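Here is a short briefing to read alongside the coordinates. Please keep the viewer open as you go through the topics below.

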Amino acid sequence: MPGGTVQFISRAQWGARPSRYKLTYIADTRGVKVHYEGTYVPPSLAAPDAHGQCAARVRAIQASHLADDDEDYSDIAYNLLVCPHGAVFEGRGAHRRTGANGTATLNSQHYAVCALLGSAGLTEPTPAQLAGLRDAIEYLRSEGDAGAEIKGHRDGHPTACPGGPLYRWVQQGAPRPGDGTGPGPGFAPFPGAEFFKRSPNSPLVTAMGRRLVAEGVAVYSVGPGPQWTEIDRRSYSRWQQRLGYRGADADGWPGRASWDALKVPKV
């Protein structure tokens, strides 16, 4: 795979089972569609020391697809999969028609890259995962003759996939982290999802609350103040809904994309 820093994990390395049927060759595509698992993915999968669990998760996805008699998949449906640690797992690979985009026509038009993200639990892509998704897209361009289009699964098929946070990244053009897509100078960088779940007492929480007030989405009767509370979470949920997130994607726990969009001043 191009580039010395890319983590590429071949089928042999992650322990893929053989394809059930011969995979259909495809010369090229219009581009790539981005997917997510669409089920619960434990947040612990993104922990720095949890990368050893990712291959087992990919094996489980392949096993579920091969066991799906209704879909009658030839193999794991995706061409490539990307874990929260940025590793790119070879699925069907390049120049193989995907099984994931909804119809035979759609499967011929775009490759499919799946992020190991869920509709609940782990819903926000990590910076490493976004970089890995970009690596996967570039791989399919160089090795699979993919065209320039980058779309979400929901583009052309009635589905919530790839979820609100990841779809927003797709709509932004799937930028590589660090390409000028953060909140910008003078604004606080995202402190991480676990920061808020530890119920912090921090001036950063006050600064965030003031921005929520300025955006007209806050539900404070007093404050905001430095102690993270349920009122902060409810207010932040309204901000996520303002951005178009729904369901578990609007649970009030800050994620990188929504945080960057809020533009909280540095404190």
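A residue is called buried when its relative accessible area is under 20%, exposed when over 50%, and partly exposed in between, using a 1.4 Å probe and protein chains only. By that rule Leu243, at 19% relative accessibility, counts as buried. The model is predicted, so to speak of local features a pLDDT of at least 70 is needed and side-chain atom pairs count only at pLDDT 80 or more, while totals for chains, interfaces and linings use all residues. Residues are numbered from 1 along each chain as its sequence is written, and side-chain values use heavy atoms, with hydrogens and water left out.

**Nonpolar cores**

- A nonpolar core is a set of buried Ala, Val, Leu, Ile, Met, Phe, Trp, Tyr and Cys residues joined through side-chain atoms within 4.5 Å.
- The largest such core has 47 residues, and Leu81, Phe89 and Leu140 have the most contacts inside it.
- At least two residues of this core come from each of strand E2 (29-36), helix H2 (54-66), strand E4 (80-82), strand E5 (88-90), strand E6 (110-115), helix H4 (127-144), strand E8 (146-152) and helix H5 (164-171). Helices (H or I, at least four residues) and strands (E, at least two) are DSSP runs, numbered from the N terminus.
- H4 gives the most to this core, namely six residues.
- A second, separate core of 18 residues includes Ala188, Leu212, Trp259 and Val264.
- In soluble globular proteins, nonpolar side chains tend to be buried together.

**Residues to click on**

- Contact here means heavy atoms within 4.5 Å.
- Leu81 touches Val58, Ile61, Ile76, Ala87, Val88, Phe89, Gly91, Cys114 and Leu116, when residues up to four places away in sequence are not counted.
- Leu140 is found in helix H4 and is buried, at 0% relative accessibility. Leaving aside neighbours within four places in sequence, Leu140 is in contact with Val32, Leu80, Ala94, Tyr111, Val113, Asp145 and Ala146.
- The C-alpha atoms of Leu140 and Tyr25 are separated by 14 Å, and these residues are 115 residues apart along the chain.
- Gln129 also lies in helix H4, and Gln129 is buried with a relative accessible area of 0%. Not counting residues up to four places away in sequence, Gln129 touches Val82, Cys83, Pro84, Gly86, Ala115, Leu116 and Leu117.
- Leu243 lies in the loop between helix H8 (230-242) and helix H9 (256-262). Neighbours within four places in sequence aside, Leu243 is in contact with Arg168, Ser258 and Ala261.
- Leu243 and Leu262 are 19 residues apart along the chain, with their C-alpha atoms separated by 9.8 Å.

**The largest pocket**

- On a 1 Å grid over the protein atoms alone, a pocket is an open set of points with protein on both sides within 12 Å along at least five of seven lines, and lining residues have an atom within 4 Å of a point.
- About 610 Å³ of space lies in the largest pocket. Grid points are joined across faces, edges and corners, and the volume is the space filled by probe spheres set on the points.
- The lining of this pocket has 26 residues, of which Leu122, Glu124, Phe190, Ala193 and Glu194 lie nearest its centre.
- Strand E7 (120-121) and helix H6 (193-197) are the elements that give two or more residues to the lining, and the largest share, three residues, comes from H6.
- The lining divides into 13 nonpolar, seven polar and six charged residues. Ala, Val, Leu, Ile, Met, Phe, Trp, Tyr, Cys and Pro count as nonpolar, Asp, Glu, Lys and Arg as charged, and the others, Gly among them, as polar.

**Cysteines**

- With a disulfide taken as a pair of cysteine sulfur atoms within 2.5 Å, the count comes to zero.
- Cys161 is in no disulfide, and its nearest cysteine sulfur, that of Cys114, is 6.9 Å away.

**Backbone details**

- The peptide bond from Cys161 to Pro162 is cis, with omega near 10°, and Pro162 is found in the loop between E8 and H5.
- The peptide bond from Gly223 to Pro224 is cis, with omega near 15°.
- His95 has a positive phi, near 60°, in a residue other than glycine, and His95 is buried at 16% relative accessible area.
- Ser199 has a positive phi near 50° and counts as partly exposed at 41% relative accessibility.

Conventions. 1 Å grid on protein atoms, 1.4 Å probe; cavity = no way out; pocket = protein on both sides within 12 Å on 5 of 7 lines; lining within 4 Å.
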